[in-house]
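Hello,

Here is the structure I promised to pass on to you. Have a look at it first, and then read my notes below.

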Amino acid sequence: MWLDITVRKAAFVSAYEEERLLAEAGDAGALVGFQGRVRGQDGELPLAALHLEHYPGVTEDEIARIAHEAAQRWPLTACRVIHRVGRLAVGEGIVLVLVASGHRAAAFAAAEFLMDYLKTRAPFWKREEFIDGSSHWVEAKASDDAAAGRWEAQA
Amino acid sequence: MIRILYFGFLREALGRDEESLDWAGGTSEDLLSLLRARGDDWAAALAPDKVFRVVVDREIKRGVAEIADGAEVGILPPVTGG
C-alpha cells in the first residue's frame with residue numbers, strides 16, 4: 001500500500017491529492033474520499049473558527065498505525081491523509097482522507113474506519129472560537145467512541 | 001529529571017505547556033498521583049476521565065507504563081480531532 005500522511009497548517013486541494021494518489025494506486029477500481037470541514041454552528045453560538053493542535057511526530061505515527069490497521073482489514077492499494085492544524089475558519093477543510101482499493105466496498109469501509117479512528121485515537125485537540133470572541137475546548141464525544149467501537153467488535 | 005509536556009485543555013488548565021521534574025523512577029500512575037497531589041486544581045484537571053493516554057518517549061502507551069529517568073512524557077487529554 002502506498003501511504004502518505006501529512007499534518008500541516010496549509011489548506012489541501014482534493015483533486016490534486018486524488019491525481020497524486022491514483023498515480024501510485026495501481027489497479028484500483030475504487031477511490032473514496034472524505035473531507036471534514038469547519039461547521040458554522042455547534043451548539044447555540046455561531047462559530048468563527050476552530051483551533052487545532054497536535055503532538056508533532058507522535059500524531060503522524062498514530063495515523064500511520066491506524067492506516068496500517070485498515071490495510072490489514074481491507075486490500076487497499078493507496079491511502080492519503082492530510083490533517084490540518086492551527087486556526088481554521090468556518091468553511092475551511094480540516095481533514096482529507098483518500099483510500100483506493102480494487103472494489104468500492106473495501107474503499108468505503110476503510111475510509112469510514114480511518115475517520116472513526118482518527119477522531120478517537122489520533123492526538124489532536126480542538127478549541128472552538130465563537131463570533132463573540134469567547135472560546136472553549138471541545139469535549140470528546142461518546143458517539144465518536146461508539147462509532148470506533150463498532151470496528152473492535154468486528155476485529 | 002524527566003520532561004513533561006501538556007496538551008489541549010491541560011496546557012491551559014495547568015498554565016504551562018511543559019516542565020522538568022526530578023524523577024527517581026516509577027510508572028505513569030506514580031507520576032499522575034504525584035501531579036494530582038499538587039492541589040485541587042491539579043487533581044481536577046488530571047482526573048482519570050481527563051487523561052486519555054500517556055506518551056513515553058514519543059510512544060503512546062495503553063495502560064500503565066514505566067517511566068525511566070530522562071524520559072519525555074506527554075500527558076494527553078481526550079482527543080477531539082477529525
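**Strand pairing in chains B and A**

In chain B, Val54(B) stands opposite Ile75(B) in β7(B). Two strands count as paired if DSSP finds at least two bridges between them, and strands are DSSP runs (E, at least two residues), numbered from the N terminus.

Before going on, a word on the source: this is a predicted model, in which local features need pLDDT of at least 70, side-chain atom pairs count only at pLDDT 80 or more, and totals for chains, interfaces and linings use all residues. Residues are numbered from 1 along each chain as its sequence is written, while chains are lettered from A and ligands numbered from 1 in the order in which they are written.

β7(B) also pairs with strand β1 (residues 2–6) of chain B, this time in parallel and through 4 bridges; here Ile4(B) stands opposite Val73(B). Of the 5 residues in β7 (residues 72–76) of chain B, 4 are buried (20 or more other C-beta atoms within 10 Å of their own, with C-beta atoms placed from the backbone).

Chain A has an open sheet of 4 antiparallel strands in the order β5-β3-β7-β8. β5 (86–89) and β8 (135–137) of chain A each have a single partner strand, so one side of each edge strand lacks a neighbour in the sheet. Strand β7 (residues 124–130) of chain A is joined to β8(A) by 3 bridges, and Glu128(A) stands opposite His136(A).

Best wishes

Note on methods
A residue is buried if 20 or more other C-beta atoms lie within 10 Å of its own, exposed if 12 or fewer, and partly exposed in between; C-beta atoms are placed from the backbone.
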